[in-house]
Each structure stands twice: as structure tokens, then as C-alpha cells.
Amino acid sequence: MRLFSLFKLLAIAVSIASMPVAADDSDSAYRLGSGYAVGETGLRIGGYANAKIDVPRSAPWYFEATDLSMFITWDNGSRLRFFSELEGGDVLRGGEGEALGTQYAHFEFERFYLDTLINNNLTVRLGKFLTPIGQWNVIHAAPLVWTTSRPVATEKSFSTHASGLMLHGSILVASRQLEYSVYGDATDALDPHQSREPFDDAVGARLRYYLDDTLQIGASFANFALNDLHPARYHLAGLDVKWSYQKFELSSEVIYRTSGHANTKDIWQGFAQSVIPLFSQHWFAVGRYEFFDQPLDKTGQAGVLGLAYRPLPPVVWKLEYRTGTHNELLAPDGLSASFAILF
């Protein structure tokens, strides 16, 4: 019955997705995917929404309007720029044996920072920002990624946010662009709503180098403490790579985290993902393999096979199935479907 209910909802979703979607190419203040420009003030308001259905193999199915985010950006061409993201999580939820309601809804400032442009190669950021470890974490908004589920390696071993100071920019090395960021997290005062499992304090850096127009590689480093059951300082190193050609894409991230605490296990985690265009320019096949050491269990593995439909770049429908071994806690088997829009 739960699968029947899921497929009824999916049928409705597909019928809506098949309807023509038009974008406004005029010079109006609003553009889908770019938000609403407030006159000549430099303010722009946008955001994204995401809703999903999960059918785990060994748990009840559920529907969730999981993300509703509002972006406020201010940039009037000066050296100062402002960005904030107010996110509503689990705004609406219901499922098998659970009435549809807002009992799990919560709101927080996902990001809240001020940028000061020092010169063409250096910007100083103060506030709360996404931790620059790997590629997925800094572009994780649902309309911008290919799967409903998120790789374990991109969120389970470090805080996804930091609050403090960041220096970032880009320089030319061998006629190619090298992006860099160096950051420090030392206070909760800049976090308007304290993140789940935040850093106690952290320092880190990330580099990303563009070998050519299709290939980029990155390296991440961090030293931090987390609010968890075994307080300790962790050391993390990560490598990532992304290749894209026309509409084909290959990407991978690997991290290694170690700690001097006797009760804390060193871990390796990573994934490799491919995206292949199908049928037309709007349909894509997605495949991913993941592995992840676990502090209290054997190394888990998971595979994801999915479809993504993008009628427009800011709009995506996703359907996927995940299965694996020793993955029940972090990446359980099951079927997932979602709809996301960047507005």
C-alpha cells in the first residue's frame, strides 16, 4: 500500500513535470532562478524549495517539505556585499501512520555574512558560512545537485557550517585559476541560530585549481573540535575532482579524519558519481558509489541509481533507489523521489 501511495504521488508529479514551463526572458525585476531585484537598491530576494518522498526498505514511508529557503543579497557595486539565507526545515511532514502536520518545523539562519572586497584577489568574509570542505557542501542546495540523498562523506564527519572569519579569492597559477579560502571558527556569537553539531572552534583551508575548462581538482584541510560524546580535536584532509564535458559529468570526493582521542576511530569516507544525459537535453541518468567508515560499525557501502529531469535549469525532478551493506544507520536502502525549484 505504501508503494501504491508513492506511485500515485509520482504519477501526479510526472504529469505536472510534463507540462510546458516558460521562463520570462524580459527585463522584468524577477527571473526564475535569479530572484527578484528590488529596484536600484542592490537588494535581491530569492531562494529555493524542496519536497521529497522517502520509502525506506525497513521503515514507514513519509512525505516531507524539507527545505524552504529565502536568500537576501545586497550588492550595489561597492566593496561591501551582504548575503543571508533563512531556512525553514521539515516545514510539512506526514506519512504512513503519521498525520500531515508541521510538528517538526524549525527555522534557522543557514548563512549570514558580510563580504569586504580588498582587491581583485582577496575578499574578507565575516559571519556564518558553509564550511569549505569538498564541493558538495558549498553547493548542496537541492536544485543544484543531482540526487535527493546526500553522500555521507559530505556531512557526517564535520560541521557543515562555520561562524567566524574567512579570507577567500583567486589567483593565476600557470595561467590557470586557483581559488583559495582560509577560515577560522572561534565564536558562536556570529551564529544567529546555533547549527546542529557545530564546531567548538576550527581552522581550515581549501584550494581548487582549474586544470582546463572541463577539469578541476580541490584539496581541503581542517583542524577542529565538535560538540559530541567524545570531545577531541580532529584533523581532516580531503581531495575532490570534477570533470564535465557538455552535459556529461564525473565527480568524486574522499576525506580522511583522524583524532588523538583513544576512543575515537580514524575514518575514511568518499564517493564517486556520474551523470549521463538521456533521451533529450532534459533527462539524466545518475549513478553513485559510496563508502564510509563508521565509529561503531563496519565500513558501510551504498550504491545509488537514479533519474533526474530538468525542464529548466532551476527546476529538477529526481527519482532514485539506494542499496548497500552496513548502511542502515547512515544511508539506508530505499526509494526516494523529490522536486526542487530555485526561484
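## The second largest pocket

The second largest pocket of this predicted model is lined by 37 residues. Those nearest its centre are F83, R111, Y113, D115 and R125. Strands β3 (43-56), β4 (62-74), β5 (80-95), β7 (106-119), β8 (122-130) and β9 (161-173) each give two or more residues to this lining. The largest share, six residues, comes from β7. By class, the lining holds 16 nonpolar, 13 polar and eight charged residues. The space inside comes to about 660 Å³.

Some terms need their cut-offs. On a 1 Å grid over the protein atoms alone, a pocket is an open set of points with protein on both sides within 12 Å along at least five of seven lines, while a cavity is a set where a 1.4 Å probe fits but cannot get out. Lining residues have an atom within 4 Å of a point. Grid points are joined across faces, edges and corners, and a volume is the space filled by probe spheres set on the points. Ala, Val, Leu, Ile, Met, Phe, Trp, Tyr, Cys and Pro count as nonpolar; Asp, Glu, Lys and Arg count as charged; the others, Gly among them, count as polar.

## The chain and the model

Helices (H or I, at least four residues) and strands (E, at least two) are DSSP runs, numbered from the N terminus. Of the 343 residues, 44% are buried. Buried means under 20% relative accessible area, exposed over 50%, and partly exposed in between (1.4 Å probe, protein chains only). The chain exposes about 17,500 Å², and carbon and sulfur atoms supply 63% of it. These areas come from the Shrake-Rupley method with a 1.4 Å probe; for residues, only the protein chains shown count as cover.

Residues are numbered from 1 along each chain as its sequence is written, and side-chain values use heavy atoms, with hydrogens and water left out. Local features need pLDDT of at least 70, side-chain atom pairs count only at pLDDT 80 or more, and totals for chains, interfaces and linings use all residues.

## The largest nonpolar core

The largest nonpolar core has 28 residues. Such a core is a set of buried Ala, Val, Leu, Ile, Met, Phe, Trp, Tyr and Cys residues joined through side-chain atoms within 4.5 Å. F199, F224 and L236 have the most contacts inside this core. Two or more residues come from each of β9, β11 (199-210), β12 (215-226), β13 (233-245), β16 (283-294) and β19 (334-342). β12 gives the most, with three residues.

F224 has contacts (heavy atoms within 4.5 Å) beyond four places in sequence, among them F158, F199, Y234, L236 and R257.

Q135 sits in the loop between β8 and β9. Is Q135 buried or exposed? Q135 is buried, because its relative accessible area is 9%. Beyond four places in sequence, Q135 touches R206, R208, Q216, D240, V241, K242 and E253.

D240 and E253 also line the second largest cavity, along with I133, G134, S220, G238, L239, V254 and I255. β13 and β14 (248-259) each give two or more residues to this lining. The cavity has a volume of about 30 Å³.

## Two positive phi angles

D90, in strand β5, is not a glycine, yet has a positive phi of about 50°. H326 also has a positive phi of about 50° without being a glycine. H326 lies in the loop between β18 (315-325) and β19. H326 counts as partly exposed because its relative accessibility is 32%.
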